[in-house]
Each structure stands twice: as structure tokens, then as C-alpha cells.
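Q: Please take a close look at the aromatic rings of this model and at the chain around them. I would like the geometry given together with the criteria behind it.

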Amino acid sequence: MTSSAPINTPSRRSKETQNSPNKLYLLSSFLSLKTVSSSPHLVLTEEGDRERKEDLSELLAFTRYLNRKLRDSNEVELPKDFPGGPETFEMIALFIYGASTLVNPFNVAALRCAAEFLELREEHNSRNLCERFDIYLNQVALQNWNDTLIVLRKCETLLPWAEELGIVSRCIESLAFMACMEILDPERRRDQPVVTLEALASQAWSLQIVEEIVDVWIKDLIALPFRFFERIIKSLRRQGMREKYVAPIILFYANKWVLSIKPCNFCESSGDTNSQSLDILQGVVNLLPISENASKIIPVGFYFSLLSKCLELGLTSGTIIAKLKGLIVSLLNTAFVEDFLLPTIEKGSFSSSFELATMESIISSYVSVNIGSNNTPLPSKSIVAELWDMYLGHIATDPAISFKRFMDLIEIGQNHDYLYRALNTFLQGHLDLSEEEREMICKDLKCQKMSQEICVEVVQNELMPLRYLLL
């Protein structure tokens with residue numbers, strides 16, 4: 001199916017029609033129209049205040065907007081917000097005078113909006129351009145993926161007309177339908193499997209890895225402004241696409257516009273970039289699946305990345321933070337320590353960082369919901385405890401963290417090999433601790449629960465309390 005085709009509007013006056021394109025070649029530069037009382041001609045005022053006369057009575061006859069305006073005044077200016085600008089007005093005039101003009105995905109949305117603006121709705125008439133442009137949209141442009149994308153992107157500069165006329169919604173529904181068909185195509189699935197997130201489940205979250213597995217049609221969708229992308233996701237779900245295919249699209253969008261270095265390409269240059277980025281981030285979080293089974297489709301590292309971006313943009317509380325924390329808690333035993341929120345020394349002491357406070361909150365919530373009926377920890381808790389001890393090895397590198405603060409942090413730990421490494425790092429940065437303080441901070445460390453290699457290292461470590469050295 002061709003993506004562009006000429007639409008001919010026959011004129012009742014064939015001789016005039018043949019000359020009309022020559023008459024109208026300068027229409028795109030006009031600023032205003034004037035009627036001349038002594039003749040049916042119009043005077044077109046151009047840039048530089050030059051005036052010329054043209055026989056535009058037929059244009060006036062079929063354009064209700066101009067006809068109505070000129071009843072009250074002998075002059076009417078083309079509004080600055082005229083859909084598509086003067087060039088589109090020129091094409092409309094050419095249609096009215098019967099010229100063959102090419103309609104394609106790049107101009108059909110502007111032409112349809114302009115026709116509505118000018119009220120070109122002659123019933124049972126070949127010049128009912130509103131109807132003719134709708135036919136082209138529905139039967140040509142919206143039947144093709146690339147053409148539909150072009151029309152939708154052109155609608156960005158035609159709002160609110162394109163919204164009110166249903167052009168945006170028609171594009172969105174068409175794209176969603178074709179995406180669903182792409183997923184269901186057995187030949188396509190055999191030649192190139194549909195992208196899911198299984199490949200990310202066995203490794204820590206990485207922006208680069210995500211970029212490498214994005215499918216071509218998904219790249220088209222994630223290039224759209226969020227106001228369009230959000231509606232496409234909702235349409236995909238409404239049309240029955242399974243969550244295992246929808247969730248990756250959301251993830252790839254967030255990866256491109258929220259988690260990357262420049263997350264706000266759609267922001268206005270004069271606006272607050274952080275505020276715009278935060279709006280997109282909150283919108284992405286609201287699109288995430290909320291059911292337990294659906295949320296497990298997405299790697300927990302992605303939720304950590306979104307949470308880290310929230311903190312970076314100054315959002316430390318609220319429903320978005322609560323939702324992300326809840327999703328992380330439900331999947332925490334599948335995380336890697338590299339996924340955890342790591343403070344940086346540039347932001348000051350680790351002990352007072354939002355990252356550490358947030359991690360404490362997540363771990364506490366996880367422990368509270370993963371205690372068995374007899375008040376004993378479930379097996380998955382040992383995995384999280386091991387991750388926490390590994391995480392403390394990073395926190396312990398901060399020389400500013402206090403003895404009491406570190407004592408509070410190690411209470412959750414359980415893997416004694418990793419706990420020892422964290423304690424050893426802390427002791428190396430706090431050589432002024434007394435023997436009593438070293439005893440207190442190492443009280444939960446059990447040699448019986450360490451590997452033989454680590455146990456030998458503990459006994460030989462002069463920083464450890466005296467009781468370990470005498471074993």
C-alpha cells in the first residue's frame with residue numbers, strides 16, 4: 001500500500017481551475033485578506049505590506065471560517081496558531097481550486113486540522129476536505145507502521161486540534177494494534193524471538209546491556225514523547241498484549257529517557273530540567289505493573305536504578321518512593337550487591353546519606369515480612385543478609401562513619417565471612433577504637449560460622465579483639 005497519493009478535487013469551472021495554481025502560488029506568504037467593494041476580488045497583503053488582487057471568490061464561498069469573518073469586517077488575518085501555518089493554507093486553497101496536490105503522512109494531519117479550522121464541511125460535495133483527509137488517514141497512512149509514526153510525530157505541533165479531531169488517538173490505537181500483531185506473528189517469532197527480560201535476570205543491572213537488546217519496533221515507540229508513549233502502553237494492555245512483552249517496553253523507555261545521562265530530550269529549554277525529568281520518572285513508575293507476578297518480570301536492579309534517580313532528583317518520600325520500595329522488597333533476594341544504592345563520598349558522610357537510609361528502610365521491611373510463623377527467618381533471608389554484609393564492606397570505607405552508627409548497621413548481617421571483611425575495613429579506618437569498643441563491634445562475629453580461610457585470617461589480624469587472637 002502506497003504511503004502517499006494525490007487527492008484531486010474537481011472544480012466546476014475547468015478553465016479557471018487550470019489557471020488557479022498560477023494565481024495561488026504566493027498564497028503561502030499572505031498575511032491578511034481584504035474584500036474590495038467594487039468587485040468580487042480579494043486583496044492579499046503580503047510581507048512588506050505589498051498588496052495584490054486575486055479572484056478568490058471560490059475560496060471564500062467554500063470556506064465558512066473566512067466567509068463568517070468577512071461578514072463582520074472587510075479584512076481577516078491568518079491567525080498565528082493556524083494549523084500547519086501559511087503553507088498548509090496554500091495547499092487547502094489549491095484543493096478548493098481543483099489542483100492535484102500530493103497528500104502524504106507528513107502533511108495529512110496538518111491538512112485535516114486546517115480543514116476543520118476553516119470549516120470546510122460542504123455536505124455531499126467533492127470539496128468536503130475534512131472527510132477526504134480522514135479517508136486518507138484511515139485507509140492509507142494508518143495502515144502502515146512508519147507512516148503512522150510520522151503522522152503522530154507531526155501531531156506534536158498541531159495540538160490541541162489533532163487531539164480534538166481524534167488523530168492522535170487513532171495513531172496510538174493503530175500503533176498498538178500493529179505492535180500486538182508483531183508479537184503474534186509466528187514467522188517473525190521464529191526468525192527473531194520477541195524481546196523479554198530473561199537475559200537480564202542472571203546479572204546485575206546495566207544500562208549498556210539493555211541498549212544492546214532493544215528490538216527495532218520498540219526503538220520506534222521509545223523515541224516518542226512520554227504523553228504519547230504512556231497512551232500506547234495503556235492501549236497495548238487494553239488490546240491484550242501480555243505483560244511479559246509490555247514491561248520491557250517500559251523498561252527500555254526509562255532506560256533511554258530517565259536513567260541515561262540526558263533523560264529530558266523532550267523538555268522545553270526554558271523549563272526546569274530536573275522537574276521535567278522527575279515528571280517523566282513518576283509517569284514511568286505509574287506505568288509499572290503492580291501485581292506480584294507481573295512485577296517479577298522486571299529485574300530488581302531496574303527498580304533500584306529508578307529509586308536512585310528519584311534520590312538524585314530530590315524525591316525522598318511519597319507514593320512513588322513507596323511503590324518502588326515495595327517492588328524492591330518483594331524481589332530483594334534476587335538482587336546483586338551491585339544493584340544496591342551506594343553513597344558516594346562526594347555527597348558527604350555515608351552515614352547521613354539518603355542512599356544508606358533508604359537501604360536500611362528496605363532491609364528492615366524485608367526482614368519484617370520474611371519472618372516465619374515461629375518467628376524464625378525464612379531461607380531467602382540468608383541471601384539478603386549476605387548481600388547486606390557485602391554492602392557494609394563499601395559503607396565501612398567511610399572514615400567519618402561513627403562507631404555507634406556502624407554498630408546499628410551490622411545487626412542485620414548473617415554471613416560471617418562478608419561480615420568480617422566489613423568489620424576489618426571499618427577497623428582499618430578507625431584505629432583509635434579502644435579494646436572494649438572493638439569487642440562490642442565484633443561481638444556477633446563467630447569463628448565457627450566462618451570459612452577456614454577467613455578464620456585463619458581473623459586469628460592473625462592484630463586489629464581484631466584479643467579473644468580472637470587467643471583462639
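**Aromatic rings and their surroundings**

A: Ring pairs join Phe 82, Phe 89, Phe 117 and Trp 161 into a cluster. Here the rings of Phe, Tyr and Trp (its six-membered ring) pair if their centres lie within 6.5 Å, and planes under 30 degrees apart count as stacked, over 60 as edge-to-face and the rest as tilted. The model is predicted, so local features need pLDDT of at least 70 and side-chain atom pairs count only at pLDDT 80 or more, whereas totals for chains, interfaces and linings use all residues. Residues are numbered from 1 along each chain as its sequence is written, and side-chain values use heavy atoms, with hydrogens and water left out.

By the ring rule, the count comes to 14 aromatic pairs. One of them is formed by Phe 226 and Tyr 253, whose ring centres are 5.9 Å apart with the planes at 55°, so this pair is tilted. It links distant parts of the chain, since Phe 226 belongs to helix H13 (residues 226-238) and Tyr 253 to helix H14 (residues 243-257), 27 residues apart; helices are DSSP runs (H or I, at least four residues), numbered from the N terminus. With a relative accessibility of 13%, Phe 226 counts as buried, and so does Tyr 253, at 0%; buried means under 20% relative accessible area, exposed over 50% and partly exposed in between, with a 1.4 Å probe and protein chains only.

Tyr 253 also pairs with Phe 229: their centres are 4.0 Å apart and their planes at 15°, so the pair is stacked. Because Phe 229 lies in helix H13 and Tyr 253 in helix H14, this contact ties together parts that are 24 residues apart in sequence. Phe 229 is itself buried, with a relative accessible area of 1%.

Charged side chains also meet rings in this model: Arg 227 lies over the face of Phe 228, at 5.1 Å from the ring centre, and Lys 256 over that of Trp 257, at 4.9 Å. The criterion is that NZ of Lys or CZ of Arg is within 6 Å of the ring centre and within 35 degrees of the ring normal.

Just after H5, Glu 119 takes a positive phi of about 60°, although Glu 119 is not a glycine. Glu 119 counts as partly exposed, at 25% relative accessibility.

How values were computed. Helices (H or I, at least four residues) and strands (E, at least two) are DSSP runs, numbered from the N terminus.
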